[in-house]
Amino acid sequence: MSISSSSGSGSFWAPFFLNNREVSGLAIIVIYLAIMTIFAFILYPYISKIYRDERTFMTPVTDRVYKYVSKVLGPIAGKDMKFKEYFVSLLSFSFFAGIVSFVLLYYQTFLPLIGGGQQFSPSLAVNTVVSFLTNTDIQHYSSPLQLSYFSQTFIFIGLLYIAPISGFAASMAFVRGILTDKGHLGNFFRDFTRGLVELFIPLTLLLTLILVLAGVPETVTHYLNARLPFSTNLMQIPLGPVASWDAIEQLGTNGGGFYSANLAFPLANPGWFTNLVLFTSETIIPFASLLAMGKVFENKKFGNLLFGVVMIIFVFVVLLTYFSEYSGIPSMQNIAGIFTGNMSGKETRFGISQSILLNVASTMTSTGAVNSALIDYTPTGMLGVLTGLLLNDPLGGIGTSVMNIFMFVIFTAFLVSLMVGKLPEIMGIKLGSKEIRYSTLTIITHPLIILVPFGVAILIPSIMSLFINSHAQNITTLLYEFGSAASNNGSEIGGFNFTAFFNYVDAATMLLGRFLIIGLELLIAQAFSVKKARGESSNAIQIGSVNFGMMMLFVIIFMGILSFFPILVLGPFFSFAKDFSLVMFP
Amino acid sequence: MNNYKEILKTTLIGFRPDFLYRNPILLITEISMVLSIFAILFNAAFQLTFSISYQEFYVAVVLLLFLTIFFANLGYAISEGQSRSIVDSLQKFRKESTANLITSEGTTVVLSSTLKKGDFVIVNRGEDIPMDGEVVEGNAYVSEANISGESRPVLKVLGDSVTGSTHLLTDTLKVRITSDPGETFIDKMIDLVKKSSRERTPNEIALTVLLSGFTLIFLMVVSVLYAESSYTGLVPNLIFLIVLFICLIPTTIGSLLTAIGIASVNRMSSFNVMAKSGRAVENAGDIDSIILDKTGTITMGDREAKEFYPASGISAEKFIRYCYASSINDQTREGMSIVKTCKGRLGDIDAQDFKDYEFIPFSAENKYSGITKGQDYVIKGSLRALENKFGIKDLSIEGICKQISSTGGTAIPVAAGGKFVGVIEMTDMLKPGIKERLELLHKMQIKTIMCTGDDEITAKQISSEAGIDEYVSNSSPEDKFNVVVNEKNKSRMVAMVGDGTNDAPALARADVGLAMNSGTPAAKDASNMIDLDNDPTKLIDIIFIGKQILITRGALTTFSFANDLSKYFVILPAVFSSFSFLSFLNVLDLTNPLLAITSALVFNTFIILVLIPMALKGVKFKPSSVSELLKRNIFVYGIGGLILPFIAIKLIYVALAFVGVGW
């Protein structure tokens, strides 16, 4: 009220937004989505060049770096790899990094720069290394307190780069398989180097710079000692290379935070500007990769279609979560006279809209970073954040965004082709039973690796006794835990103790969710690699058409509903119905 | 009556697990049925409620599960029965007869089954042709009524193929046998029909994998539901969960999948087309371009000499005598027609002056035919061929040719003594109904390409009259092959019709090659379908059937999965009926849980029975563009599949309650 009376002509909007918080929240959402879209459009021509194996301004640097890499690797560096070699290279490279990290992490107390580091239990070390290796970054440990500086710097920053870039390399091979007909998928090490030098190094440098300028610390100093006013206690604030960690955490859709509180911690994410920057940086590469597909396959409509389908899901989930959080639940509204939405567990510097945007973007991509406490979300708000996990991160992670969505493209093309009486094909490539079989396997693997551990865990009373909330809430939490692991997301609700059972089961789920699926996807690429994409003929299924897009959207959502509806009924729906006392037939 | 018994028998035999293993979905249904019987018998161990109404409910569930498998087997049995009756009718033709085998000492009478490939036989009037072969001498009318059902006798001339057990009506033929015993055309047809019911196409395999994958997911979903509800303190009723599982798995498409495949091959057979594989039928649905011959496909083919135009300075009678002379030994249809028309004009013609002339047969390379003696020629053929041969040019002849071409006729100039003596006009009418059929192809966005040996002007005229997209004029058989390769390079699926030996490479290269039964053995070998009626326009019907089979599968798959949503909304509220909070999910307001579950299962079971005719006949298919078809089918089978079960289950529920099922 005071604002409206104090200023003159330009004063209409300020009080309007202040008095209509629902509208101002929506305005913020629109601004976020617009900025995300703009940056994705700026980046996608560059990414499409990398996918098409064209030279960029950074390619000379790649060439020089790769010369050194070749010396280390020997003849394999120049080889054109088929599926088996490519996948084995990817696996052995990842597992080599994994084993080294495991050893270093497990014995970190014997290594220099111990700082505050503590001994990891075997299960925790396995879980942590696997989760960082699979681009998941579930953090069952307490960061940074439990880590030595050595681990923090050498192991984790390394894995934060290796995981997304190997995913990106796999997607380069995948695209190459469709695009060319030479029978091979390219060279993993070359693709990896290219992704690192041409995509990640420039972008992370830029992002780190922006974050440092916005006030995120980037230092090697020890803990900062601070004394709060009116307190005699000395407070230790851990510092470190936070800005550069944030940058690769978000750009690489990793999501593992420098601090345990992740992006809710003020030093990792100081304000609205960094929040917007971090939000944009976690969505930019997946979205730009989808758009790039239009350019890569010379079918602009196709790129727009992928973008559109994912965007529809994205916007729907954002709105579901936003309105759920904004309206809260009846018992909350009764507490105070004035109600401004469910602020419980959310940072006041972000408010509802900016909190849910970052969280939804985190589960829509495979990032999993959070800036608010998910356990305090309303049941439907939690369902919104959970949707991304159950649909296997529709926007996807680095590289996996392209491959995962292609699985749905192939699957939909199969159904749609049959429905119009054509043999299935995409972009002029006939789909054999192999491609359809593998894409079906990929699509069903995701629900299976969630449902199986879920079903097992819920049957074991000693495990379920770790959960402290109501039955419905626990079901949601458990589903979230395995959903997060299976989709390599890493986001967590928390609310229970991470015992060895969870550490190991999560690790197995993450490995399957990552490498089994990438393996199947590369198998499809190999099957494609002997056939050449020739573009669509007028008589074929138009995979860029609105009808195809609708069908694909329908398939993606329906797949999620069919697989998880019964669990959701006893989980979020149950909590929701209880909160709102929905008793129709008492 | 026998037939019904047979179908019933196949249906019941189908319950044997060793017959079901090929169809995982039905096998799982049967296992579920056995499991539920087991659970009901030992109800205490499974903590099943066992009041009177529950007992009735359990019995109903077991019965409905039995019916689900029964109906699925029924669809299969009917389609099997159809193909068996086709085989039976084919087997009747395979009759033993005698043959006049030509040996070095003359002819001996042997049994037809002892004939081997490469033997020569003489077939006299009134005898049956003993084995598949090729005419090497003579011409005669043959009745093929027992194979094609066509009662009009077919004229067989030199080089035509004849089929074993067809009946010779006139004259005598010398035939070279082209197949060994057991490999005759009818033997092959029987094999094909039998095989097609067993062999699965890559598409069918992919679909089976997809369906099995989903079945696995649903198995997990239902198991998790069991675990989850016991966690929340609910004692889950096993039978409820079994019903949910059966309702979720794609029983509809799963049970009809095999029947659809067999039925499509049967449908082809009922069109008198023998497909060599189910795959060929599927390919047919995917055709982008079809290559058609002008003659015989688009036009009537039996071209008749209509008018004679003598060159200036040549009398009409003299010209007709030339025409007659050039064609007297010509066994092509054109030649025979010219002779006939000449006779019609002048009565019996004395051709003594040309008696010792040697006949030059028509060949695709020369493109002319006629007679010659030394340097003297009387030759008819294409204008260009004659011009090149004699190095002559005649503007007035060219004018006449153009004139004839522009009205759609074919001009055959005749040259004698080194100059043109006139032009024969051959009429070539469009086949009745061909325009409408080509129109349908247009609607399906299929490109039509016409190949003709005629000149540019005739080709253009005919193609614009018939509505053909592209034409290749002055084409030789090699050109046909080039057209196929060209289209294939544009990654199009190509279909073509052929009957000559020189069509064989193109037939083999095309995705769908339809050979005429009257064609040469080479053409028949290279093709993947054979038309017994020799009607090239059937290619269009074949495309229809191919599309129908794919659409039927796609539509039923989409329908099957779309149905699942409603079943969640019916069965889950019933399973969780003790949680009053969750009654908001009970959108259909089905207050009696047992009745609700039964209704869902009734729908799930009887939808199979309702869809059997559709699976056998194929879905209704209106030729239209791909995007229109997609829009329509998404609407009908996708959205329809979502909404229909809600309405149907509610109706079944109300009906069951009305007749007094009040558990």
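In strand S2 of chain A, which residue is the bridge partner of A:Leu224? The partner is A:Ile237.

This report describes a predicted model, in which local features need pLDDT of at least 70, side-chain atom pairs count only at pLDDT 80 or more, and totals for chains, interfaces and linings use all residues. Residues are numbered from 1 along each chain as its sequence is written, chains are lettered from A and ligands numbered from 1 in the order in which they are written, and side-chain values use heavy atoms, with hydrogens and water left out.

**Strands**

Helices (H or I, at least four residues) and strands (E, at least two) are DSSP runs, numbered from the N terminus. Two strands pair if DSSP finds at least two bridges between them. In chain A, strand S1 (residues 224-227) and strand S2 (residues 234-237) pair in the antiparallel sense over four bridges. Within this pairing, A:Ala226 stands opposite A:Met235. The two strands, S1(A) and S2(A), form a hairpin with six residues between them, and A:Phe230 in the turn has a positive phi of about 60°.

Chain B contains an open sheet of three strands in the order S6-S5-S8, with antiparallel pairing. Strand S6 (154-156) and strand S8 (167-168) of chain B stand at the edges, each with a single partner strand, so one side of each is left without a neighbour in the sheet. Strand S5 (residues 140-143) of chain B is joined to S8(B) by two bridges; B:Val142 has B:Leu168 as its bridge partner in S8(B).

**The interface of chain A and chain B**

In total, 58 residues of chain A are in contact (heavy atoms within 4.5 Å) with 66 residues of chain B. The two chains bury about 5,800 Å² between them, 77% of it on carbon and sulfur atoms. Here, buried area is the accessible area (1.4 Å probe) that two parts lose on being put together, summed over both.

Across this interface, ten residue pairs are in polar contact (both at pLDDT 80 or more). A polar contact is a pair of N or O atoms within 3.5 Å; within protein, one must be able to donate a hydrogen and the other to accept it, and residues adjacent in sequence count only if both atoms are side-chain atoms. Helices H15 (400-419), H16 (433-459), H18 (471-486) and H20 (546-579) of chain A each supply at least two residues of the side that touches chain B. The largest share of that side, 19 residues, comes from H20(A).

**Salt bridges**

A salt bridge is a side-chain nitrogen of Lys or Arg within 4 Å of a carboxyl oxygen of Asp or Glu. The whole structure has 33 salt bridges over all chains, and the count between chain A and chain B is three. Two examples follow.

| Residue with N | Residue with O | N to O distance |
|---|---|---|
| A:Lys430 | B:Asp286 | 3.3 Å |
| A:Arg176 | A:Asp191 | 2.8 Å |

The pair of A:Arg176 and A:Asp191 links helix H7 (residues 149-179) of chain A with helix H8 (residues 188-213) of chain A, the two residues being 15 residues apart.
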